[in-house]
Amino acid sequence: MNGNMMSQPLLISSLIEHAQNYHADTAIISKNTDGSMTQSDWGEIANNSKRFANALKTFNLSASDRVATIAWNNHRHLESWYGISGSGYICHTINPRLFPEQLTFIINDADDKVLIFDKTFLNLVLSIQATLSSVEHYICLDAYDEAIKTALPEVQFYDDLIATQSNHFDWPMFDETRASSLCYTSGTTGNPKGVLYSHRSTVLHSYAVSLPDSFKLSATDRILPVVPMFHVSAWGTPYAAAMVGCSLVLPGPMLDGASLVQLIDDYQVTTALGVPTIWQGLLNAAQQSGTQLKSLKRNVVGGASCPPSMIQTFKAVYDCETIHAWGMTETSPLGSVNQMKAKHLTLSEEEQFKSRFSQGRPPFGVKLRITDAENSTNEIQRNGKTAGNLQIQGHWIVDTYFGKDQSALTSDGWFDTGDIATLDQDGYLNISDRSKDLIKSGGEWISSVELENIAIAHPEIDIVAVIAAPHPKWDERPILIAKKSLESQLTEKDVLDFYINKIAKWQIPDKVIFVDAMPLGGTGKILKKDLRDQYNAVLLEA
Ligand code: AMP
C-alpha cells in the first residue's frame, strides 16, 4: 500500500520558485567582471532566470541538451543556471583554468550546444572556437559590446536576450531523476571525466548542506561562496541559498585576500566558503589591513585538508568558527562535515577544539566505509587508527561517469574515492592522503598532510606542499616545497628544526625547497603532480 501523500518531483526549478515566493526581497550582491557591483534580489534573479528560459526556447534545443558556462560567480551566471536546468537542459559548468586542449576535450565530449561565457574569457573562447565540434550558439554574459561582436560575430549578449523576453514562464514538470548539471573532474591523470548530477540529487544535497550540523545555513545568513560555481557547483551553495532564502555575495573574478576582506566587511558576510589557499591569502590580507572581520561567524574549508593552525587563527583572532568539510566532484560534493556531538561538549575546551580538526562525519544521505588496500570490498574496523581506502555511497554520489557504460563502483556498489583515511566509531573521518600522495619510505607510510600541517603552522611560511621524491636507498623520501612570507629570512635548517619533537625523526623531510610561487590548479589546489615532475630527481643527484 502506498502512502496517501502528495508526490512532487524534486526539481531545481522548485528552489528558485520558493526563493521568489518567500524571499523575493533578499539581497543578491554581485561583483562584475570590471569590478563594479550589482545589487539584485531573489525576485529579480528568478524573473531573469525565466526570461533566459524563454530566450533558450528560441534556440531549438532538445530536452537534456547541454548548455555550457565558462563564468565567475556572479548574478547573471546564477540566473542562467536556473534558466538552463529549470527548462530541462543540462547546465555544464566549465573550469576556465584548464588547458585549452582540455577545454576542447570537455566541450566536445559533453556535446555542448550553447557556450555561455563571461567577457573576460573571450580570448579563451576565440582560441578554441575552431576546435569545437558541437557548439551552435555563443552567449556573452554581459551587455552589448562592439569589440566582442567584432571578434565573435555570431555572439549574442545576455542582457539583450533577457531584455526582449517576458518573465512569464511555467517551469516544466518532469521526472526528478533527469540530469540537471554536468561537471568534469579535475583530471590530474588522463582525460577529465564528467559527473552528471540529477535534479533529485541536487535538491537532496541542498537539504544536507544547509543542516545545522552541516554548513548551518539560514534565512538570516549572508553567504560568500568563494569556491567557484565551476568547482562542484560552488559546493551546492547557489541551490541551498535559494532553499533557505539566505542572501548571497558573489565575488566575481577577484579572489585575492584583500578583495575578499573588503567584500566581507562592506556587505557584512556571515559565512564564507573556500579552499585552504584562499583562506591563507585572506588571513594575510586581514592581518595587513587590521580588520576584525566582525560579521564573519563561520568559514567552511574544504577541497584540501585544512591545517589546524588555520582553524586556530580564525578562532583566536577573528572569533570565527571554521567548519572543515570533505568531498569531491563525484560526491556533489558533501561527503562529511565537522560538527561536534553532545558528548563533545563535556570535553575540555582544548579537546573540543582538537575535535574540530578532522574532516568530520557523514550527514544523513551518505555512508562511508574504509577497506583494505589489497581487497577493495573488505571493510576495515572503524577504530580511528587503521587507515584504508575511503569509499562512499549515497543519494548524491556518482554511479557512472557521463557517456560511459561501465559502472564507476566496486562490485558491491561503493564508490572508491582514492583517498586514504581512518574512520572512528561515530563516523568521524580523518584523511591522511590521496593514495598517490602518500610517501613510502623504506616500506613505511608517511602522511604528506601531517608534514604540511606542521610546516604551515610556522608564522613565516605562507604555503607548503610535501611530496614524495625517489630516493636511492629508501625508495621515496618526503621533501618540502615552501613559499616564505614576504621579507622572511628563514633557512632550510630553521624549517627542519621546526619539525623536531613534533614528529618521529625519520619522518622529517629530507630537503626544503623554497619557491616564489606554488603551482595551483583551476580550483586553487596545489598541483602536486607538477611538483613531483619538477623535483623528481632532487634526491638522486649526488
Ligand atoms: P575535487 O573533485 O577536485 O573536488 O577533489 C576531491 C579531492 O580533494 C578529494 O578526493 C580529496 O583528496 C581532496 N579533499 C577534498 N576535501 C578535503 C579535505 N577537507 N581534506 C583533505 N582532502 C580533501
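Analyst: A definition comes first: two strands pair if DSSP finds at least two bridges between them. The model discussed here is predicted.

User: What makes strand E17 and strand E18 a pair?

Analyst: Strand E17 (residues 388-394) and strand E18 (residues 415-423) are joined by four bridges and run antiparallel. The requirement is at least two bridges, so E17 and E18, with four, count as paired. Asn389 stands opposite Ile420 in E18.

User: Which sheet holds these strands, and which strands stand at its edges?

Analyst: E17 and E18 belong to an open sheet of four strands in the order E16-E17-E18-E19, with antiparallel pairing. Strand E16 (366-371) and strand E19 (429-434) are the edges: each has a single partner strand, so one side of each lacks a neighbour in the sheet. On average, neighbouring strands of this sheet are turned by 50 degrees against each other, direction ignored.

User: How do you know that E12 pairs with E10 and with E13?

Analyst: The bridges are counted again, and at least two are needed. Strand E10 (residues 222-225) and E12 share three bridges in the parallel sense, while four bridges join E12 to strand E13 (residues 298-301), also parallel. Both counts meet the requirement, so both are pairs. Ala272 takes part on both sides: Ala272 is the bridge partner of Leu224, and its bridge partner in E13 is Asn299.

User: Why is Lys113 called buried?

Analyst: Buried means under 20% relative accessible area. Lys113 has 15% relative accessibility, so Lys113 counts as buried. Lys113 is found in strand E5 (residues 112-117). Leaving aside residues up to four places away in sequence, Lys113 touches Leu61, Asp65, Arg66, Ser134, Val135, Glu136 and His137.

User: Why is the pair of Tyr82 and Tyr239 called edge-to-face?

Analyst: The planes of Tyr82 and Tyr239 stand at 85 degrees, with the centres 6.0 Å apart, so the pair is edge-to-face; the cut-off is over 60 degrees. Tyr82 is in helix H3 (residues 75-86) and Tyr239 in helix H10 (residues 237-244), so the pair ties together parts 157 residues apart in sequence. Both Tyr82 and Tyr239 are buried. Elsewhere, ring pairs link Trp72, Phe121 and Phe230 into a cluster.

User: What makes the charged end of Lys502 count as sitting over the ring of Phe498?

Analyst: The charge must be within 6 Å of the ring centre and within 35 degrees of the ring normal. The charged end of Lys502 sits over the ring of Phe498, 3.6 Å from its centre. Likewise, the charged end of Lys193 sits over the ring of Tyr401, 4.7 Å from its centre.

Technical notes
Residues are numbered from 1 along each chain as its sequence is written. This is a predicted model: local features need pLDDT of at least 70, side-chain atom pairs count only at pLDDT 80 or more; totals for chains, interfaces and linings use all residues. Side-chain values use heavy atoms; hydrogens and water are left out. Rings of Phe, Tyr and Trp (its six-membered ring) pair if their centres lie within 6.5 Å; planes under 30 degrees apart count as stacked, over 60 as edge-to-face and the rest as tilted. Helices (H or I, at least four residues) and strands (E, at least two) are DSSP runs, numbered from the N terminus. Buried means under 20% relative accessible area, exposed over 50%, partly exposed in between (1.4 Å probe, protein chains only). Axes are lines fitted to C-alpha atoms, for helices over the stretch in contact, and angles run from 0 to 180 degrees between N-to-C directions. Contact means heavy atoms within 4.5 Å.
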